[in-house]
Amino acid sequence: MTLRRILPGAAALAALLFALLPLASPAPARRPRARLASSGAIGGSVALRDPSRPAPSEVRRRLAVSGAGTYINDMLVERDSALSRWPDRHGAPLRIWIQNETDIPGWAESYAVEVRNAFLEWNAVHLPVRFAFTPDSTSADVHVAFIDHFDEEISGRTKWARDDDWWITDADITLAVYHRDGPILDDDAMHAMALHEIGHLLGLDHTTDSTSIMAPRVRVRALSRADRATARLLYSLPPGGVR
Ligand SMILES: [Zn+2]
């Protein structure tokens with residue numbers, strides 16, 4: 001994972017890059033933990049807590065009650081005990097633009113269909129964030145683009161940004177058509193990669209559970225019960241640190 005400043009200063013957004021390792025890759029390199037500045041800590045000042053926001057102790061209590069059957073604890077280990085997610089959208093969908101033509105040899109329209117179906121599969125989880133599609137890239141909230149291959153040992157990447165309160169504000173996905181070592185991805189693999197990257201887009205992180213789509217090396221082709229449960233739990237909690 002790469003941490004990159006988009007804007008200077010305390011109000012800076014942190015952009016997080018998530019990489020999906022391909023199915024046949026060697027052991028994945030562990031991503032370095034992000035060190036993210038909090039505006040409340042600068043100069044010794046104290047951040048005022050939003051009174052409508054549950055205290056970390058209350059969030060920990062909810063995690064203890066509802067964490068079973070999820071991999072939220074795996075995520076907290078990867079994320080320095082903090083959660084990020086989109087604000088509730090109150091019915092307004094995130095507008096998704098999916099690239100539907102490229103010069104990449106072997107690229108097929110069926111890839112765009114698989115990506116679209118992956119978004120619809122996540123819609124069926126009924127989170128407070130849902131997706132709709134737009135052919136207009138300029139008005140889209142999220143862009144999904146294809147690349148021939150990555151030079152790294154990955155097949156997909158999601159870049160998202162958050163604000164100082166850990167709300168996700170922006171995200172884009174890039175998906176490779178070819179594995180770095182040559183083979184082209186089939187439609188099922190593209191679908192699985194898209195499910196995984198949309199999971200990152202939603203704020204999910206990797207799990208050690210290889211039967212879930214959020215395993216760092218994706219081995220399954222559909223969302224697991226744990227994927228759904230973890231996303232639902234994430235979207236029942238406020239973002240931010242839980243320690
Ligand atoms: Zn990943």
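Buried means under 20% relative accessible area, exposed means over 50%, and partly exposed lies in between (1.4 Å probe, protein chains only). The model shown is predicted, so local features need pLDDT of at least 70 and side-chain atom pairs count only at pLDDT 80 or more, while totals for chains, interfaces and linings use all residues. Residues are numbered from 1 along each chain as its sequence is written, and side-chain values use heavy atoms, leaving out hydrogens and water.

**View 1. Welcome to the largest nonpolar core, with 55 residues.** Such a core is a set of buried Ala, Val, Leu, Ile, Met, Phe, Trp, Tyr and Cys residues joined through side-chain atoms within 4.5 Å. Val 115, Phe 119 and Trp 122 are among the residues with the most contacts inside it.

**View 2. Phe 119 and Phe 131 form an edge-to-face aromatic pair.** Rings of Phe, Tyr and Trp (its six-membered ring) pair if their centres lie within 6.5 Å; planes under 30 degrees apart are stacked, over 60 edge-to-face, and the rest tilted. Here the centres are 4.9 Å apart, with 75 degrees between the planes. Both Phe 119 and Phe 131 are buried.

**View 3. Phe 119 also forms an edge-to-face pair with Phe 133.** This time the values are 6.1 Å centre to centre and 80 degrees between the planes. Phe 119 has a relative accessible area of 0% and is buried, whereas Phe 133, at 24%, is partly exposed.

**View 4. Meet the aromatic cluster of Trp 107, Tyr 111 and Phe 146.** Phe 146 touches (heavy atoms within 4.5 Å) residues including Ile 98, Leu 175 and Met 190, not counting residues up to four places away in sequence.
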